[in-house]
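Subject: Structure handed over, with notes

Dear colleague,

Please find below the structure that I promised to pass on, together with its sequence. My notes follow it.

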Amino acid sequence: MSNPSPATIAPAKGKLGVLIPGMGAVATTFMAGVELVRKGKSNPVGSLTQLATVRLGKRTDGRSPMIKDFVPLAKLTDLVFGGWDIYEDNAYQAATNAAVLGKEHLGQVKKFLGGIKPMTAVFDQNYVKRINGPNVKTGANKMAMAEQLMADIAGFKKANKCDRLVMIWCGSTETFTKPSAVHATLAAFEKGLAKNSADIAPSQVYAYAALKSGVPFANGAPNLTHDTPALLDMARDNGLPVCGKDFKTGQTFMKTLLAPGLKSRMLGINGWFSTNILGNRDGEVLDDPGSFKTKEETKLSVLDQILQPELYPGLYKDLYHAVRINYYPPRGDEKEGWDNIDIFGWLGYPMQIKIDFLCRDSILAAPIVLDLVLFMDLAQRAGMRGIQEWLSFYFKAPMTAPGLYPEHDIFIQLMKLKNRLRYLMGEDLITHLGLEYYD
Ligand SMILES: NC(=O)c1ccc[n+]([C@@H]2O[C@H](COP(=O)([O-])OP(=O)(O)OC[C@H]3O[C@@H](n4cnc5c(N)ncnc54)[C@H](O)[C@@H]3O)[C@@H](O)[C@H]2O)c1
């Protein structure tokens, strides 16, 4: 991929519209948080675009600007929000139901959130079994629904006087599917839309409508969605960045912190048992075996790809890895995740690690949504198209070019992200070799 010079990155002028299919816990926590930060009432904790720095040049140079001052990102004051949901609740009602944020926060943004009303959704209960709602589109076939979404996108852009848009899926996890013939080419996909193919999921109709409308698309859930040849070709051909899948929060975040550390010291692992209780709507959806399988696949693949048992059979070949999620309503969004890790060291002596993470899922996910929106917009203005592997940092199941295994180690992912920013701005990449300090 050629390196766009800083001079060729279009400036972030005008408004950036953020379009979100699925206005539930994550989406409304994100919107409320951005508004509270804009009002100066809170800090954007957890967001690299707002808080992190990037070191440039040598360690002795003393150049570590904030990322937001280094690359031309859209300003928070330029963000406007819209979305779709199968329920009619506005963002204030949805946030109140999700009960992630307390009254002291929601009260301050009631008017703002109340003004964000969901557009009618493209929905098919075959893909999300546990919920059903009235705020849905009807149409002759899936192509007709995609056209309605494109009209929604164009209408939102005009009404809000947006210069650019980004779409990010924060909808429920759809049931597990594999790509079929209808996903092989764009022509087959468009034919499938017109013929109402049962193999096309609602999230794919949104992704198609976004890409057809020239809008970058990110997927925060583990569903297949645009991870298919048809939609990836479309993204590349239309010059649009895409990324996914499944925001890396909670237990998997912990896994990607710990597993590379154990591996770096060549410590063995016999077993990793992970179990969760959560009681929000996401938990209810994941109580369905089809949706859980989609999630399980992304959660299980992480350890295998970090530990590389094929390279280190003596340490990781026999690793028993299990992931469970139990729907437990009393906890709401305040999930609890337990990990029991059976490791072994010198001469095979066993040890155990226990983690009990009393986590707030949407609190961890909201800054990820913000960073992805701003970085995807940057990528589009910089002419970067197709899969954005440098954004793997944010995902449990990072999308990669076909045949390439994903990088899951969060510290390598972070280095990749920051090097991408240096590369974009014509700065030297940092290899961490460090010889120059000792010559
Ligand atoms: N919270 C996290 O930390 C986290 C981490 C990784 C992934 N995710 C994923 O992000 C997604 C959102 O999580 P959440 O906690 O906000 O869930 P949620 O249930 O609160 O919100 C999802 C919303 O999507 C809506 N929806 C479902 N199908 C739709 C469709 N076809 N069109 C429009 N709206 C639709 C639902 O009505 C619901 O309001 C889930 O798929 C979840 O698995 C969340």
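To begin inside one of the sheets, Trp-84 stands opposite Met-119 in S3, and the strands concerned, S2 and S3, pair in the parallel sense over two bridges. Strands and helices here are DSSP runs numbered from the N terminus, with at least two residues (E) for a strand and at least four (H or I) for a helix, and two strands pair if DSSP finds at least two bridges between them.

Before going further, please keep in mind that this is a predicted model, in which local features need pLDDT of at least 70 and side-chain atom pairs count only at pLDDT 80 or more, whereas totals for chains, interfaces and linings use all residues. Residues are numbered from 1 along each chain as its sequence is written.

The overall picture

The secondary structure of the protein comes to 16 helices and 11 strands, and the C-alpha trace spans about 65 × 50 × 50 Å along its principal axes. The radius of gyration, taken over C-alpha atoms, is 22 Å, which agrees with the value near 22 Å that a compact globule of 439 residues would have; the globule rule used is 2.2 Å times the number of residues to the power 0.38. Of the 439 residues, 46% count as buried, where buried means that 20 or more other C-beta atoms lie within 10 Å of the residue's own, exposed means 12 or fewer, and partly exposed lies in between, with C-beta atoms placed from the backbone. Among contacts between residues at least 6 apart in sequence, 78% join residues at least 24 apart, a contact being two C-beta atoms, placed from the backbone, that lie within 7 Å.

The seven-stranded sheet

The sheet that holds S2 and S3 is open, has seven strands in the order S3-S2-S1-S4-S5-S6-S11, and is paired in parallel. Its edge strands are S3 (119-120) and S11 (386-387), each of which pairs on one side only. S2 is mostly covered, with six of its seven residues buried, and S2 pairs with S1 in the parallel sense over six bridges; within that pairing, Leu-19 stands opposite Gly-82 in S2. Further along, S4 (residues 162-169) and S5 (residues 217-219) pair in the parallel sense over three bridges, with Ile-168 opposite Ala-218 in S5. Helix H7 (residues 142-159) lies across S1, S2, S3 and S4, running at about 145° to S1; axes are lines fitted to C-alpha atoms, for helices over the stretch in contact, and angles run from 0 to 180 degrees between N-to-C directions.

The four-stranded sheet

Another open sheet has four strands in the order S8-S7-S9-S10, with mixed pairing. S8 (320-327) and S10 (350-360) stand at its edges with a single partner strand each, so one side of each is left without a neighbour in the sheet. Neighbouring strands of this sheet are turned by 10° against each other on average, direction ignored. S9 (residues 334-344) and S10 pair in the antiparallel sense over 11 bridges, and the bridge partner of Glu-334 in S10 is Arg-360. Helix H11 (residues 250-264) packs on the sheet, touching S7, S9 and S10, and its direction makes about 20° with that of S9. Helix H15, by contrast, lies across S7, S9 and S10 at about 80° to S10.

The two domains

An automatic or database domain assignment supplies the domain bounds, dividing the protein into domain 1 (6-247 + 363-424) and domain 2 (250-360). Their centres, taken over C-alpha atoms, are separated by 26 Å, and 28 residues of domain 1 are in contact with 30 residues of domain 2. On the domain 1 side, the elements that give two or more residues are H15 (361-381) and H16 (410-424).

Two loop residues

Met-384 lies in the loop between H15 and S11 and counts as buried because it has 24 C-beta neighbours inside 10 Å. Beyond residues up to four places away in sequence, Met-384 touches Pro-241 and Ala-379.

Asp-227, in the loop between S5 and helix H10 (229-237), counts as buried because it has 21 such neighbours inside 10 Å. Leaving aside neighbours within four places in sequence, Asp-227 is in contact with Gly-244, Lys-245 and Met-399.

With best regards
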